[in-house]
Amino acid sequence: MNSIIFGLLAVISLFIFFNLSKVKASAKQTNRDDRTNWGTPPWRKKNHTSNRNTSSGRIIEGEAEEVNKD
Amino acid sequence: MARHAALETFGRSGNPVFGNKFNNSQGFVGSERMTLDGTVNKTGFLLGLCFFGAIISWNIPNPFLMFGGALVGFGLAIYTSFVPRNAGITAPIYAFVKGLFLGGISLVLEMQYPGIAIQAIGLTFGTLASLLFFYKSGLIKPTENFRLMIFSATFGIMILYLVSFVMSFFGSGIGFIHSNGIFGIGFSLFVVCIAALNLVLDFDFIEQGAENSLPKYMEWYGAFSLMVTLIWLYLEILRLLAKLRSR
């Protein structure tokens with residue numbers, strides 16, 4: 001009985017796996033900003049959004065002033 | 001993920017496996033690309049080979065087959081991790097020789113605890129199907145922090161196993177890893193959870209690889225990584241069940 005139950009569990013699970021894995025993941029999964037970045041190793045965190053913000057943040061708006069050393 | 005977003009993310013990578021492919025994605029126009037269907041079919045093929053190896057080892061018990069399979073499998077896993085381009089050749093051999101090992105180890109435990117092998121198989125595939133459902137539906141969302149956490153835990157477990165293995169040569173060892181006490185069972189449960197969560201990372205890698213049209217050989221690599229995790233999960237479930245049954 002034990003073997004039948006676990007055998008059935010294995011067969012049903014394999015059936016689910018082979019059918020479900022061919023389906024694209026839901027939009028809730030794919031349309032996220034915090035998805036994993038497989039291009040970099042996990043220990044090297046790279047936040048492109050924040051990098052972009054940082055670089056744009058370097059532009060200081062306003063008029064330039066000449067600095068006199070005297 | 002939209003194509004431009006993928007290029008933004010992967011295009012600047014320093015990883016030669018991914019970075020170059022995304023930088024030169026124009027060069028893949030007309031050539032074959034990674035798909036979900038292809039990866040799933042290859043996973044099925046590898047699973048079949050693994051079962052075939054296990055059936056041979058189960059019916060012809062031989063320590064040489066078992067430990068030979070484990071050693072060759074380990075070597076192939078390391079090689080394939082660094083040279084994914086050859087995964088089409090190494091992954092099927094890996095699946096077969098690991099099957100030889102799994103068949104042997106399952107038979108040894110089956111003789112001690114009847115019915116344990118089918119329980120471990122059922123629980124492994126049950127975990128696979130349920131986590132796939134959670135991933136596809138978006139209930140589990142792997143992020144960079146999630147990946148870092150799972151990577152750290154997996155690396156920690158690997159170091160612990162390595163230290164225990166080396167200590168065993170000197171007649172010593174880390175006792176609680178193999179004990180059937182509360183700590184031993186708790187440790188095994190933790191390792192099973194980490195192995196199961198590695199499946200989520202594999203699903204995410206395959207999904208993103210298909211979205212971003214990686215080259216065709218990455219289907220083999222995706223299927224191979226799924227097989228490595230599944231085999232690890234099966235072994236840990238087998239060990240956990242053996243601990244529970246030996247109490």
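Which helices of chain B are included in what covers the buried residues of α1(A)? The close-ups below, taken from a predicted model, start there.

**View 1. Helix α1 of chain A and its cover.** The cover of the buried residues of α1(A) includes α3 (36-59), α6 (116-137), α9 (182-211) and α10 (217-245) of chain B. The buried residues themselves are A:F6, A:G7, A:A10, A:S13, A:L14 and A:F17. Down the helix axis they fall within an arc of 130 degrees, so they line one face of α1(A). A:I4, A:V11 and A:F15 sit on the other side of α1(A) and are exposed.

**View 2. The length of α1(A).** Helix α1 of chain A runs over residues 2-20, which is 19 residues.

**View 3. The largest nonpolar core.** This core holds 72 residues. B:L199 and B:F203 have the most contacts inside it. Two or more residues each come from α1 of chain A and from α3, α4 (63-82), α5 (87-112), α6, α7, α9 and α10 of chain B. The top contributor is α10(B), with 18 residues. In soluble globular proteins, nonpolar side chains tend to be buried together.

**View 4. Around B:F203.** Neighbours within four places in sequence are left aside here.

**View 5. The interface of chain A and chain B.** Here 37 residues of chain A are in contact with 48 residues of chain B. The two chains bury about 4100 Å² between them. Of that area, 62% is on carbon and sulfur atoms. On the chain A side, A:F17, A:R35 and A:W38 lose the most area to chain B, together 19% of what that side buries.

**View 6. A salt bridge between the chains.** Three salt bridges are found across the interface of chain A and chain B. The side chains of A:K24 and B:E211 form a salt bridge, at 3.8 Å from N to O.

**View 7. B:T143 in its loop.** B:T143 lies in the loop between α6 and α7 (144-168) of chain B. Is B:T143 buried or exposed? Its relative accessible area is 19%, under the 20% cut-off, so B:T143 counts as buried. Beyond residues up to four places away in sequence, B:T143 touches A:R32, A:D34 and A:T36.

How values were computed. Residues are numbered from 1 along each chain as its sequence is written. Chains are lettered from A and ligands numbered from 1 in the order in which they are written. This is a predicted model: local features need pLDDT of at least 70, side-chain atom pairs count only at pLDDT 80 or more; totals for chains, interfaces and linings use all residues. Side-chain values use heavy atoms; hydrogens and water are left out. Helices (H or I, at least four residues) and strands (E, at least two) are DSSP runs, numbered from the N terminus. The expected span of a helix is 1.5 Å times one less than its number of residues. Buried means under 20% relative accessible area, exposed over 50%, partly exposed in between (1.4 Å probe, protein chains only). The arc is that of the directions from the helix axis to the C-beta atoms. Contact means heavy atoms within 4.5 Å. A nonpolar core is a set of buried Ala, Val, Leu, Ile, Met, Phe, Trp, Tyr and Cys residues joined through side-chain atoms within 4.5 Å. Buried area is the accessible area (1.4 Å probe) that two parts lose on being put together, summed over both. A salt bridge is a side-chain nitrogen of Lys or Arg within 4 Å of a carboxyl oxygen of Asp or Glu.
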